[in-house]
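Hi,

Here is the structure I promised to pass on.

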Amino acid sequence: MEMRRAGEITSEERIMEFKSRQYETVNCAEIHGTHVEYRTVCGDFPVRAGDGALLGTMFSYSYIRTDVEDNTRRPAVFAFNGGPGSSSMWMHAGLLAPRTVKTEHPLTPPTTPPYELAQNDDCILDVCDLVLIDPMGTGYSLILDRERQNEVYSVEKDAEIFADFIEDWKLRENRMNSPVYLLAESYGTLRACVIPSMLLGGPMTAVNETRGLSVNGIILMGNAVTFQSDGSIFFESNVEKMILNFPTMAACSWYHTEGEKPPLKSYMDEVYAFAGGDLMRALYWGYGLDAGEREAILDRLADFTGLDKRLLRRNNLRIDTGTFIRERLTDSGLDLGLYDGRFTMPQSMQIGSMPNPTADDPAMGFYTPSYRGAFELIARELGIDADQPYTPINFKVNGSWSYASSLSPAEHLQAALRRSPELQVMFCCGYYDLVTTCGQARYLVNHLDCAGNRVSVKEYESGHMPYIGESRAQLASDLRTMITGREA
C-alpha cells in the first residue's frame with residue numbers, strides 16, 4: 001500500500017477526487033470516579049485559500065460524552081499544540097485521552113518499542129467534551145496543493161482557519177450555546193490569543209465579517225506569547241532576558257542539588273524576589289556597581305544556579321539558557337534538557353557542536369518515541385485507518401511560517417480581555433521549562449492592562465509540557481476548576 005506523508009504533494013486530479021475521511025467509535029471509561037459513555041469522531045476539515053481554493057485539510061479528534069440528557073450547554077475544549085508545525089499528539093497522548101502513554105517513571109520513558117497505554121485518571125472528559133486539532137501539514141492532515149500551502153502558514157490566517165473549524169464544529173454538533181475553552185501549548189499559545197479576534201470578527205480582521213462568537217476561557221501552557229521574531233508583532237519585554245529566565249535556571253539547579261534543600265515553593269519565592277530586586281539592579285549598574293556588592297551578587301548567583309563563580313564573572317553576571325544546560329552538570333558529564341531541565345543526557349563532542357535541537361534534546365529526545373508509540377495505539381482505538389504515517393512535527397511548515405500580523409498576539413489577548421469581562425485566562429507553566437520560562441509568563445501577566453483578577457499564573461513541578469510527571473494531576477484539577485467554576 002502506498003503511503004503519503006502529511007506534507008507530500010498530490011496532483012490536481014487528487015484534489016478533484018478528494019473525499020473527506022471520517023472515523024467514528026463508541027466507547028466508555030471510568031473517569032474521575034464516574035462512568036462515562038462517549039463517542040469519538042475523527043476526520044478532515046477543509047483548509048481553503050482566500051479565493052476558496054482547497055489547499056488541504058486539518059485533522060481533528062472529538063471525544064463527545066453521550067450519557068448526558070442535554071449537551072447543548074456542555075463545555076467544549078479545543079486543544080492544540082504549537083511548533084508552528086506540531087500536531088496535537090503531545091496533549092492527546094500525554095494529558096487528554098482517556099488512555100495515555102504508560103511510563104514506569106516519567107523521567108525515564110521507554111525509548112524503544114513496545115509501548116503501552118494506561119488508564120488516564122486525570123482525563124477531564126467527564127466535565128467537558130474534548131476536540132484535538134492537527135493543523136495542515138501535521139498528524140493525519142493532508143496537503144493537497146503544495147505550491148500554495150504557504151498561503152495559510154501565518155499568524156492570523158492560521159487563527160482564522162481554527163476559528164472556521166470551531167464555528168463549523170459547533171454548528172455540526174448543535175453546540176452553538178456550549179461554552180468554549182481554548183487549551184494551547186507552545187506556539188499554540190500565540191494561536192489561542194488570536195483566535196478570539198477571528199471568532200468575533202469585524203471589518204479589520206482577516207475574516208472580513210462579524211461572526212459574533214466568543215470564548216469563555218483560554219489556557220496557555222508553555223507560554224510563547226512573549227517570544228520575539230522581528231520585534232514588531234510580539235510582546236516586547238523591557239527588562240533583560242536574564243531576569244526573566246533566571247528563575248527557571250534556579251529551579252532546575254534546585255532539582256539537581258543533592259542533599260537537604262528548602263521546599264521548592266518557598267525557594268522560588270526567594271528566587272523571584274532576588275530576580276526583581278538585587279539582580280535587576282546589578283545588571284543595570286554592571287561594572288559600575290560597588291565591588292563588594294558585585295561580589296555578593298556573584299555569590300548569590302552561584303548559589304542559585306549552581307554555576308562556577310568564575311564563569312558568572314566572565315559573563316558579567318549574565319548567563320543564557322544554552323550555557324546553563326551545558327555547564328550546570330558538566331562536572332558529571334551531563335547536559336540538561338531545554339524542554340524539561342529534569343532530563344539529562346551524556347555530553348558528547350562526537351556528534352558536532354550543534355546537535356539536533358529536538359531529537360538530541362535530553363527531554364524531547366527521550367520522550368518523543370514513547371508519545372509516538374502511544375499515539376499509534378490511541379489511533380487504532382479511535383478506528384483510524386489512514387494510508388499515511390502520522391507526522392508529529394513538520395519542520396517544513398515551521399520554516400515556512402510568516403509572523404507578520406496586524407496586531408501582536410499579546411495585543412489580541414488584551415483586546416479579548418477588554419471586550420469580554422467574563423473571559424478567564426490561565427497560564428500554566430513548568431518550573432523546569434527552559435524554552436518558555438515562568439518568568440516570561442509572570443512578566444506578561446503583570447503588564448496586561450486589562451487582566452484584573454481574570455488572569456492567573458499556575459506553576460508546576462514539570463517542564464514545557466506541564467503534564468509530564470506527578471504535576472499532571474494538579475494541572476487537571478486546575479483545568480476542572482476553571483471549566484466548572486468549582487474547586488476540584
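Predicted model: local features only at pLDDT ≥ 70, side-chain atom pairs only at ≥ 80, totals over all residues.

**Aromatic rings**

Searching the whole structure gave 25 aromatic pairs. One of them is F59 with Y140, an edge-to-face pair with 5.7 Å centre to centre and 70 degrees between the planes. F59 sits in strand β3 (residues 54-65), while Y140 is in the loop between β7 (129-134) and α3 (155-172), so this pair ties together parts that are 81 residues apart in sequence. Both F59 and Y140 are buried.

Another is F78 with F165, also edge-to-face, at 6.4 Å centre to centre and 85 degrees between the planes. Here strand β4 (residues 76-80) supplies F78 and helix α3 supplies F165, so the link is between parts 87 residues apart in sequence. F78 and F165 are buried too.

If you colour the rings, look for Y23, F59, Y61, Y140, F375 and Y390, which form one aromatic cluster.

The charged end of K261 sits over the ring of W254, 4.2 Å from its centre. For R442, the charged end is over the ring of Y272, 3.6 Å from the ring centre.

**A buried threonine**

T100 belongs to strand β5 (residues 99-101). Is T100 buried or exposed? With a relative accessible area of 1%, T100 counts as buried. Its side chain makes a polar contact of 3.0 Å with the side chain of R472. Leaving out residues up to four places away in sequence, T100 touches several others, including H92, L95, E116, N120 and R472.

Most peptide bonds are trans, and most residues other than glycine have a negative phi.

- G83 and P84 are joined by a cis peptide bond, with omega about -5 degrees; P84 is in the loop between β4 and α2 (89-96).
- P113 and P114 are also joined by a cis peptide bond, with omega about 0 degrees, and P114 lies in the loop between β5 and β6 (117-119).
- H32 is not a glycine, yet has a positive phi of about 55 degrees. You will find H32 in the loop between β1 (22-31) and β2 (34-48), where it is partly exposed at 47% relative accessibility.
- N174 likewise has a positive phi of about 55 degrees without being a glycine. N174 is in the loop between α3 and β8 (180-185) and is exposed, at 55% relative accessibility.

Cheers

How values were computed. Residues numbered from 1 in each chain as written. Heavy atoms only, no water. Phe/Tyr/Trp six-rings, centres within 6.5 Å; stacked < 30°, edge-to-face > 60°. Helix = DSSP H or I, 4+ residues; strand = E, 2+ residues; numbered from the N terminus. Buried < 20%, exposed > 50% of the residue type's maximum accessible area, 1.4 Å probe, protein only. Lys NZ or Arg CZ within 6 Å of the ring centre and 35° of its normal. Polar contact = N/O pair within 3.5 Å; in protein donor to acceptor, adjacent residues only side chain to side chain. Contact = heavy atoms within 4.5 Å.
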